[in-house]
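Take a look at the fold below. We start with the whole protein and end with a single residue.

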Amino acid sequence: MLNDKVILGFETSCDETAIAIMKDNKLLVNKISSQVDIHEKFGGVVPEVASRAHSEMIRNLFHTSLNEAHLELSDIDIVASTDGPGLVGSLVVGYNFAKSVAWSLDKPFLPIDHMVGHLSAPLIEHPQLDPPFLSLLVSGGHTQIVLVEEWGKYELLGSTIDDAAGEAFDKLSRYCGFGFPGGPAIQRISEGGDESKIPLPRPRPKGEFDYSFSGLKTAAIYYLNDLKKEDEVSRKDFAASYQEAIVDSLMGVFIKAVKETNVPTISGGGGVMANKRLREKLSTFAENESKNIYVPSPALSTDNAAMIAMVGFLKYQNSDFSSLEKGAEARFKF
């Protein structure tokens, strides 16, 4: 029976070393070792530094995870790992470690698409989530609207043509010296600020459900550069206005997609889904339109291995296994 299976999940696509263990579709362990302190001084993730940190951390995190789950290595039935997209140097650390575990145990190995992981993350806390539904995926590297017709059948309706929403947060935060990662830093500074204080654009590219954030970021920088010395703009107002412009842009296109597809349920995932303002606007929209809404908690919105294990269960149900010869892929392949 599937519910008796113990699945081990690995996620190392960027700067989080993450391992999770699930049994009976319940999360036993969800360990994450963050590299934020390492990369903060650079204002962003340095690929070589990230891969080295994964290599140094993964073995200890693996044994800690087994101990906290009160399991032996022999108790593992299925092994799953992110195979892309992401930083290739980071990906191969977790991916090859996971393959070695599967090989040593002679157990099924399941490569998992990182974005499908974010797409499936709400299932961990909301098992009632059932297709069809529309999902807004917003992470550091991707901004997408995905129609889930059934589990395993996904249609990409739109995506960003330049910067992702997470990049827009990170790049402006780095320019202003707000901190890294940019999303949490700008949200923190924006508390109590006037989101309507500074007029910033809400870019609309030609694609019906596509996004663009590069122009918004540039407009914000030009605004700062054009300020005269006697002008005063509080950090709170500027951060709140910039955050509001990003959230408005995300919601505007997503609302259009929801109304045109007429799905009964909406969802979301990715690190930017942890943003408080975005969650508020999604919830308000769902309530006003009488839509079901299932989004992961902030802890499961950011990169984690629980979502990888969750997809592993879905793929195992369909006997969707993979050869150990398959390698990781840095590029998007959704």
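Predicted model: local features only at pLDDT ≥ 70, side-chain atom pairs only at ≥ 80, totals over all residues.

Now for the overall build. The protein has 12 helices and 10 strands. Its radius of gyration is 20 Å, close to the 20 Å that the globule rule gives for 334 residues, so the protein is as compact as a globular protein of that length. Along the principal axes, the C-alpha atoms fill a box of roughly 70 × 45 × 30 Å.

Some values for the whole protein:

| Property of the protein | Value |
|---|---|
| Share of the 334 residues that count as buried | 51% |
| Share of contacts joining residues at least 24 apart, among contacts between residues at least 6 apart in sequence | 73% |
| Share of the accessible surface that belongs to carbon and sulfur atoms | 48% |

The accessible surface itself comes to about 14,800 Å².

Next, zoom in on one residue. Where does Ser-267 lie? Ser-267 is part of strand β9, which covers residues 265-269. Is Ser-267 buried or exposed? Its relative accessibility is 1%, and buried means under 20%, so Ser-267 counts as buried.

What does Ser-267 touch, leaving aside residues up to four places away in sequence? The partners include Pro-122, Leu-129 and Phe-133. Leu-134, Ser-135 and Leu-136 are also among the residues that Ser-267 touches. Phe-254, Tyr-294 and Val-295 complete the list.

Note on methods: Residues numbered from 1 in each chain as written. Heavy atoms only, no water. Helix = DSSP H or I, 4+ residues; strand = E, 2+ residues; numbered from the N terminus. Buried < 20%, exposed > 50% of the residue type's maximum accessible area, 1.4 Å probe, protein only. Contact = heavy atoms within 4.5 Å. Rg over C-alpha atoms; globule rule 2.2 N^0.38 Å. Areas by Shrake-Rupley, 256 points an atom, 1.4 Å probe, with all protein chains shown as cover.
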